[in-house]
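Subject: Structure handover

Hello,

Here is the structure I said I would pass on.

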Amino acid sequence: MIEIDNNSIKKAIDKIKREYSHLSEENLNTAISRALNHTAAKGKTEANQNIRAKYNIATNTVNQSLTVKRSSRSKLTAKITAIGAPLSWNNFQAKQVGDKSTTSFDRKGRASSRLNRKSRSKAIKGVTATIKKGQTVNLPTAFIQVANGGITVFARAVPKGKSEGLEFTKERLPIAKITTTSIPMMFVSNDVMTPTIAKTDNILEDRIVHEINWILSKM
């Protein structure tokens with residue numbers, strides 16, 4: 001979660017209140033609240049872009065997880081939050097690879113198939129996916145199940161423990177649904193959080209002045 005009320009933001013708000021002390025508290029709070037909401041919306045866009053710069057994930061998937069809690073005149077705080085469970089491999093262009101054919105799924109779940117050439121008869125088996133850009137991972141014991149309009153990646157695996165993930169096996173059973181990182185985990189990484197905070201810090205003060213000038217023009 002990013003809360004748009006860190007120390008640099010508070011300093012910017014205090015500075016504006018001193019410089020525009022001749023304005024009523026109602027007008028100042030209106031301008032600050034509008035500026036906070038504008039800044040939070042820009043911060044959400046920045047976070048989305050930073051997540052997709054690192055991860056092979058669709059824009060809509062990220063947007064469904066990121067939300068903005070808006071500011072009001074009585075509560076000058078805006079928040080950007082991320083919610084969501086670990087993501088299935090089908091969000092990362094999972095491919096089912098076998099001796100005869102390869103079935104691929106794009107990030108919207110659309111499937112396409114092609115025959116493997118003879119030279120690929122000894123190709124890797126199982127399921128491959130690209131979670132981080134430029135890094136393809138493979139699970140030899142995995143397979144894709146398509147049912148009821150949904151796509152799920154499973155693998156022959158047993159749980160290691162409550163927090164230890166899975167241990168993959170060649171045994172036919174048991175099988176487990178394969179998931180990976182979540183949008184909230186992507187969101188709190190330094191590669192995403194640091195530039196997003198920097199973006200919000202750079203926007204807010206100028207935006208408050210813009211909103212104040214707009215209010216003054218209507219008086």
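Is Asn-202 buried or exposed? Asn-202 is exposed, because its relative accessible area is 60%. The cut-offs used throughout are under 20% relative accessible area for buried and over 50% for exposed, with partly exposed in between (1.4 Å probe, protein chains only).

Before the rest, some ground rules. This is a predicted model, in which local features need pLDDT of at least 70 and side-chain atom pairs count only at pLDDT 80 or more, while totals for chains, interfaces and linings use all residues. Residues are numbered from 1 along each chain as its sequence is written, and side-chain values use heavy atoms, with hydrogens and water left out.

The chain as a whole

The chain has 219 residues, of which 39% are buried. Its secondary structure consists of 5 helices and 12 strands; these are DSSP runs numbered from the N terminus, with helices being H or I of at least four residues and strands being E of at least two. Among contacts with a separation of 6 or more, 60% join residues 24 or more positions apart. Contact here means heavy atoms within 4.5 Å. The accessible surface is about 12900 Å², and carbon and sulfur atoms supply 48% of that. Such areas come from the Shrake-Rupley method with a 1.4 Å probe, and for residues only the protein chains shown count as cover.

Helix α1 covers residues 7-19 and helix α2 covers residues 25-54; their axes come within 11 Å and cross at roughly 150°. α1 is therefore roughly antiparallel to α2. For these descriptions, axes are lines fitted to C-alpha atoms, for helices over the stretch in contact, and angles run from 0 to 180 degrees between N-to-C directions. Angles under 35 degrees count as roughly parallel, over 145 as roughly antiparallel, 65 to 115 as roughly perpendicular and the rest as oblique.

On the α1 side, Ile-9, Ile-13, Ile-16 and Lys-17 meet Leu-28, Asn-29, Ile-32 and Leu-36 of α2. By class, the residues of this contact are 6 nonpolar, 1 polar and 1 charged. The classes are Ala, Val, Leu, Ile, Met, Phe, Trp, Tyr, Cys and Pro as nonpolar, Asp, Glu, Lys and Arg as charged, and the others, Gly among them, as polar.

α1 also packs against α5, at an angle of about 20° and with the axes 9 Å apart, so the two are roughly parallel to each other. The residues that α1 brings to this contact include Ile-9, Ala-12 and Ile-16, and those from α5 include Leu-204, Ile-208 and Ile-212. This contact has 8 nonpolar, 2 polar and 3 charged residues.

The axes of α2 and α5 come within 7 Å and cross at roughly 150°. These two helices are therefore roughly antiparallel to each other. Their contact divides into 15 nonpolar, 8 polar and 8 charged residues.

Leaving out residues up to four places away in sequence, Glu-211 touches Ala-31, Arg-34 and Ala-35. Its C-alpha is 9.3 Å from that of Ser-33, 178 residues away along the chain.

In helix α2 you will find Asn-37. This residue is buried, with a relative accessible area of 9%. Beyond its neighbours within four places in sequence, Asn-37 is in contact with Arg-70, Ser-71 and Ala-78.

A strand and a loop

Ala-129 is in strand β7, residues 126-130. It is buried, at 1% relative accessible area. Not counting residues up to four places away in sequence, the residues Ala-129 touches include Trp-89, Phe-92, Gln-93 and Val-137.

Gln-93 itself is in the loop between β3 (79-82) and β4 (95-97). At 31% relative accessibility, Gln-93 counts as partly exposed. Its phi is near 55°, a positive value in a residue other than glycine. Most residues other than glycine have a negative phi.

Regards
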